[in-house]
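Here are my notes on the charged side-chain pairs. Please read them beside the coordinates.

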Amino acid sequence: MTNLWSFTIPMPTTGVPQAANMRNLPVPRVTKCPTPGCPGWITLDVTRHQTDPCRYCHVGVDTLRFLLSRVGAENKALPPEVHDEFNRLMLTMAGAWGQNVYLRPAHNTLVDLQSGVHGVIVEYNPLLGAAGEDGPAPLVGIILHKLLHFEAHLGQRGPQISVKSGARDKEGMMPLMSYLMTVTDHAWVSARLTQLNPLLSQAQSRWGLDVAQMLVGSESMFNRYLSERNLQRIVAVLKETHEHVAFRDAILERLATLTHQILEREKEDIRRVYIAEQIANIWLLNLDAVPVYRGMLEEKGLPNVAEGYQVAERLYKELANSPVAHPPTSSGTEGTAHVVILDSAQFHHALEGAVKALGMANFFEVKS
């Protein structure tokens, strides 16, 4: 519920011919400490494993260099701008929570954020860091996905979707309408990640890690019990296969199976909206997976897939053409954190458009 030399070496990601040589990385830069009210400055150095803590508030973070040193990919070179943005987003989280942010391997997860005694922990599955010819790109992409969600509404109070007074019979659809805010967020997050490095986004999508978020964690469409079971199944598949198509299709198959089980006996309008939100969400995250997923739903005999797809197309176009899908490339001045926050008025307007695209404007409204 991202942006932000002359000598090059091969990149680990499929189809990428070059990346910056680590000997020609930019010099360390000093940035304002992100903790509100703190007068300190922190040095961001992409060649180091950790930042030095702020001399005043003592926050600091593990860097992308630290992460890459602990995964098994043979070629772990990533462009300097990816290092810089990864470290900046980690530091933004540290300042917002007033705690250090650490990276920790965990074989029972994909990527997750945890609060610990000593600070905030980004847990990651090290198996994702050695994703064949994609190297660490899928892992870095999905971590950035999480960090961008966090930054998008930093310091803002988000709008809410509520049932109109004359539509109390539609209250059962409130969870679906609330999930629409996550779908709208993804128009922003996907665009920000593509701005930073399209190949990170593509690698994440090849492995289906973006779609996997619909099954597990804070972006899941399912309850906590099912989300935990989904995570166990996905991790088991990850241990068994090192091929991206098999892994992605296993994720899509699990999503289709649960969707069929949940919607088979639901009312037609709930099925249509549920399918529309799912497909539009996948459309924003992973365009190539849309026909595969639609085919899986149809093979299972789920009713209203065609109708839901038509609504999904309308919803996708509404969000893809909205300002939230075209974020600025940078903000701030030299020496600041360059935080890029989703404009609250644009988000509110995009949500209203999404509600209309679903055909639900007579029953639900967006309130600030």
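1. Glu298 is partly exposed, with a relative accessibility of 42%. The model is predicted, so this value is computed on predicted coordinates. Arg294 is partly exposed as well, at 24% relative accessible area. The two form a salt bridge, with the closest N and O atoms 3.1 Å apart. Both sit in helix H10 (residues 289-299), four residues apart, which means a separation of about one helical turn.

2. Arg192 belongs to helix H4 (residues 174-196) and Glu85 to helix H2 (residues 80-97), so the pair ties together parts 107 residues apart in sequence. Both Arg192 and Glu85 are buried.

3. Asp269 pairs with Lys170 in a further salt bridge. The closest N and O atoms are 3.1 Å apart. Asp269 lies in helix H9 (residues 268-285). Lys170 lies in the loop between strand S8 (160-163) and H4. The pair therefore ties together parts that are 99 residues apart in sequence.

4. Are Asp269 and Lys170 buried or exposed? Asp269 has a relative accessible area of 19% and counts as buried, because the cut-off is under 20%. Lys170 is buried too, at 14%.

5. For the overall tally, the structure holds 17 salt bridges.

Terms used:
Residues numbered from 1 in each chain as written. Predicted model: local features only at pLDDT ≥ 70, side-chain atom pairs only at ≥ 80, totals over all residues. Heavy atoms only, no water. Salt bridge = Lys/Arg side-chain N within 4 Å of Asp/Glu carboxyl O. Helix = DSSP H or I, 4+ residues; strand = E, 2+ residues; numbered from the N terminus. Buried < 20%, exposed > 50% of the residue type's maximum accessible area, 1.4 Å probe, protein only.
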